[in-house]
Amino acid sequence: QHEAAIDYLNDFLNKHPYCEVAWHQVGKQYAIMGGVIAGALAGAMTSFIAVGDKLEKMSRQTGISVEALDNLNFVAELSGTNLDGIATAVRGLNINLISAQEGSTRYVKAFEDLGFAVDDVVKMDAEERVFSLLEALAQVDDQTEQTSLAMQVFGTRMGMQLLPVIDGGVEAFREMNAEAKDNQRFTTESAQMSALLQDEIFRLKTQMQLVTFEIAKAFAPAMV
């Protein structure tokens, strides 16, 4: 039965050459990684791929450049929030902007209180829109009013979570953004590279999973 199982697997790999390549490549890659890439370097590579992939996909979803999202992520992490929170805030902003375009007086007034006509906000690209509104919020001195406007512009939950980002005022926000630019971690090119690597890892894992399932299928009768 074991010989039959091995023959079955050989036949499967012959019919699926990509799986055979994946099988051998995984062995090679793990040998290389085990010998050369270890500890912090391996962790850094994993983080690079994961964060870059997230930035690239988020950039396509929000229309904000990878570089700007990386800066926002830096500022957000300094302030106690994160990239996912920023993405949620952008979605909330887009929803509330649509409501303002449709004539909701509540949202129209919120944008006007920050010094923007709704039509002007609509004409901005996504990146300019977010940074301009955050700077405007940072200039609101009354904390109660600032909280209310943040919630109306970015959404109830995320408006609250964004407050630490602008807590120090507009100059502090600009300084953090400048610091983020000095410590730029990702560009559009590097994020696209991360996304490609993440996709290839997914494909490789899928092929390896297919191989292991076929191994289980081949040897299952011998184990009954």
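Colleague: Among contacts in the chain between residues at least 6 apart in sequence, what share join residues at least 24 apart?
Modeller: Happy to start there, and please keep in mind that this is a predicted model. The count takes in contacts between residues at least 6 apart in sequence. Of these, the share joining residues at least 24 apart is 70%.

Colleague: How many helices and how many strands does the chain have?
Modeller: Read along the sequence, the pattern is α-α-α-α-α-α-α-α-α-α-α-α. In numbers, that is zero strands and 12 helices.

Colleague: What percentage of the residues in the chain are buried?
Modeller: A residue is buried when its relative accessible area is under 20%. The chain has 224 residues, and the buried part of them comes to 39%.

Colleague: Let's look at one helix, then. How many of the residues of helix 4 are buried?
Modeller: Helix 4 covers residues 66-79 and reaches 20 Å from its first C-alpha to its last, close to the 20 Å expected. Its buried residues include Val66, Leu69, Asp70, Phe74 and Ser79. Helix 4 is mostly covered, with a buried count of 11 of its 14 residues.

Colleague: Why do helix 5 and helix 6 count as roughly perpendicular?
Modeller: Helix 5 is residues 83-101 and helix 6 is residues 105-113, and their axes are 7 Å apart. Angles from 65 to 115 degrees count as roughly perpendicular. The two helices pack at about 110°, so helix 5 is roughly perpendicular to helix 6.

Colleague: By class, how many nonpolar, polar and charged residues are in the contact of helix 5 with helix 6?
Modeller: From helix 5 come Leu93, Asn96, Leu97, Ser99 and Ala100, and they meet Tyr107, Val108 and Phe111 in helix 6. By class, that makes six nonpolar, two polar and no charged residues.

Colleague: Is asparagine 96 buried or exposed?
Modeller: Asparagine 96 lies in helix 5. Leaving aside neighbours within four places in sequence, its contacts are Tyr107, Phe111, Met151, Gln152, Val153, Phe154 and Gly155. With a relative accessibility of 8%, asparagine 96 counts as buried.

Colleague: Now for the rings. Which kind of aromatic pair do phenylalanine 48 and phenylalanine 186 form?
Modeller: The count of aromatic pairs comes to two. In this one, the rings are 5.5 Å apart centre to centre, with 15° between the planes. Planes under 30 degrees apart count as stacked, so the pair of phenylalanine 48 and phenylalanine 186 is stacked.

Colleague: How many residues apart in sequence are the parts that this pair ties together?
Modeller: Phenylalanine 48 lies in helix 3, and phenylalanine 186 is in the loop between helix 11 and helix 12. Phenylalanine 48 is partly exposed at 23%, whereas phenylalanine 186 is buried at 6%. The parts that the pair ties together are 138 residues apart.

Colleague: And which kind of pair do phenylalanine 131 and phenylalanine 173 form?
Modeller: This pair links distant parts of the chain, with phenylalanine 131 in helix 8 and phenylalanine 173 in helix 11, 42 residues apart. Phenylalanine 131 is buried, with a relative accessible area of 14%, and phenylalanine 173 counts as buried at 1%. The ring centres are 6.4 Å apart and the planes make an angle of 45°, and the pair is tilted.

How values were computed:
Residues numbered from 1 in each chain as written. Predicted model: local features only at pLDDT ≥ 70, side-chain atom pairs only at ≥ 80, totals over all residues. Heavy atoms only, no water. Axes fitted to C-alpha atoms, helices over the stretch in contact; angles between N-to-C directions. Helix = DSSP H or I, 4+ residues; strand = E, 2+ residues; numbered from the N terminus. Parallel < 35°, antiparallel > 145°, perpendicular 65-115°, else oblique. Contact = heavy atoms within 4.5 Å. Nonpolar A, V, L, I, M, F, W, Y, C, P; charged D, E, K, R; others polar. Expected span 1.5 Å × (residues − 1). Buried < 20%, exposed > 50% of the residue type's maximum accessible area, 1.4 Å probe, protein only. Phe/Tyr/Trp six-rings, centres within 6.5 Å; stacked < 30°, edge-to-face > 60°.
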